[in-house]
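Please read the following report alongside the sequence and the model. It moves from the chain as a whole to single residues.

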Amino acid sequence: MKLILHIISCLAILGTFVPLHRNRFWLIRTQSNIKAYYLILNLVLIVLLLSQNVLTIFDFVLLALLSMGLIFCLKVIWPYTVLAPKSVEDSTSKNSDRHLNILIYNVLQKNEKHQKFVDLVREVDPDIFLMIEVDDKWYTSVRPLEADYPHVIKELRDNTYGIAMMSRIPYISAEVKHIVKEDVPSLDVLIEYEDKKIRITSLHPEPPMPGEVLTSAPKDLELLKTAYYLRDNKLSDLDIVIGDLNDVGWSKNSNNFKEISGLKDPREGRGFYSTFPTYLPIRIPIDHVFCSSELKLVSFKTLKNIGSDHFPVSVIFEVGE
């Protein structure tokens, strides 16, 4: 029993600290995604070790490292607890005319529950909605929504990287980009809303995992290139970045993105709002919304499971004064 406790403790310590290494191998980088669970695991292991009748020098070494790991995990995820300050202010306005409502959903290409999403769009009634992993079959199923959302930009693909945005607000400009790879599209649109020009960038970089890419390099590069582009090309009054980023907000790369772009994460000071995977109790927040600090948050929530491995995300911003 104690041997098993020692082995699990060593693995927990390794998993907690290994993301500090610069290696981009998928197994190393993805350990950062589950920092909250490592915090709980480290705490449980500390309690179990302290409950042993006899503690050896090795036990004390493990206790020290587990305690360091617990503190490290807490420091990393602290901004995403309700005790931390909010980086995006709450809206206090009751004027819904200034509310910009956005829906984000990774549909899961093989998900056949198309009508459930159509029903969800009609229920949520967003101004703009983004679909990820959209192929021809999926887009055909949502085509009836074009009557209410006539402004469409899309690149449909059968490789799980298709992407489409539908809007009732006209686009000033709309462009499909291929930031890192030709078969991984992203969207860049400009709208005018409440006398503000708002650029909405939609991303779905490749996840670092077997079967996709074995390192986080393409994902990291796409996010950082986007951050520099937003910083250096001030085409709008406000910026919003949305999508399935296959990364958590507290990762080193996400923090670099926020620092370079100047954008904020509405989750900070409010909670995790985990979105993936729907089929497990252990979930992580990888579907994101980053925004200019001038925007105020009316609401941010994950919605019901409608067949994908991701929960839909609804965000409403107050725009203007």
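## Basis

The model is predicted, so that local features are given only where pLDDT is at least 70 and side-chain atom pairs only at pLDDT 80 or more, whereas totals for chains, interfaces and linings use all residues. Residues are numbered from 1 along each chain as its sequence is written, and side-chain values use heavy atoms, with hydrogens and water left out.

## The chain as a whole

The protein chain has eight helices and eleven strands, where helices (H or I, at least four residues) and strands (E, at least two) are DSSP runs numbered from the N terminus. Its radius of gyration, taken over C-alpha atoms, is 21 Å, which agrees with the value near 20 Å that a compact globule of 321 residues would have; the globule rule is 2.2 Å times the number of residues to the power 0.38. Along the principal axes, the C-alpha atoms fill a box of roughly 70 × 40 × 35 Å.

Of the 321 residues, 54% count as buried, a term that stands for under 20% relative accessible area, with exposed meaning over 50% and partly exposed in between (1.4 Å probe, protein chains only). The chain exposes about 14800 Å², of which carbon and sulfur atoms supply 58%; these areas come from the Shrake-Rupley method with a 1.4 Å probe, and for residues only the protein chains shown count as cover. Among contacts (heavy atoms within 4.5 Å) with a separation of 6 or more, 67% are made by residues 24 or more positions apart.

The chain carries 36 positive and 40 negative charges, whose mean positions are 6 Å apart. Lys and Arg count as positive and Asp and Glu as negative, while His and the chain ends are not counted; each charge is placed at NZ of Lys, CZ of Arg, CG of Asp or CD of Glu.

Helix α8 spans residues 252-261, and its buried residues are Asn253, Ser254, Phe257, Lys258, Ile260 and Ser261. An α-helix has 3.6 residues a turn, so residues three or four places apart point the same way. The cover over the buried residues of α8 includes α7 (217-232), β8 (238-244) and β9 (287-291). Just after α8, Gly262 takes a positive phi of about 80°.

## Cysteines

The structure holds zero disulfides, a disulfide being a pair of cysteine sulfur atoms within 2.5 Å. For Cys73, the closest cysteine sulfur is that of Cys10 at 16 Å, which is too far for a bond. Cys73 is buried at 0% relative accessibility, and Cys291 is buried with a relative accessible area of 0%.

## Backbone geometry

Leu108, in the loop between β1 and α5 (114-124), has a positive phi of about 65° although it is not a glycine, and it is buried with a relative accessible area of 15%. Asn246, in the loop between β8 and α8, also has a positive phi, near 50°, in a residue other than glycine. In the loop between α8 and β9 lies Pro277, which is joined to Phe276 by a cis peptide bond with omega of about -10°.

## Individual positions

| Pair | Separation in sequence | C-alpha distance |
|---|---|---|
| Val82 and Ala64 | 18 residues | 28 Å |
| Val121 and Leu145 | 24 residues | 8.5 Å |
| Phe311 and Ser67 | 244 residues | 34 Å |

Val82 is found in the loop between α4 (57-77) and β1 (99-106) and is exposed, with a relative accessible area of 62%. Leaving aside residues up to four places away in sequence, Val82 touches Gly269 and Arg270.

Val121 lies in helix α5 and is buried, with a relative accessible area of 1%. Beyond residues up to four places away in sequence, Val121 touches Leu103, Pro126, Phe129, Leu145 and Tyr149.

Phe311 sits in the loop between β10 (296-302) and β11 (313-318) and is buried at a relative accessible area of 12%.
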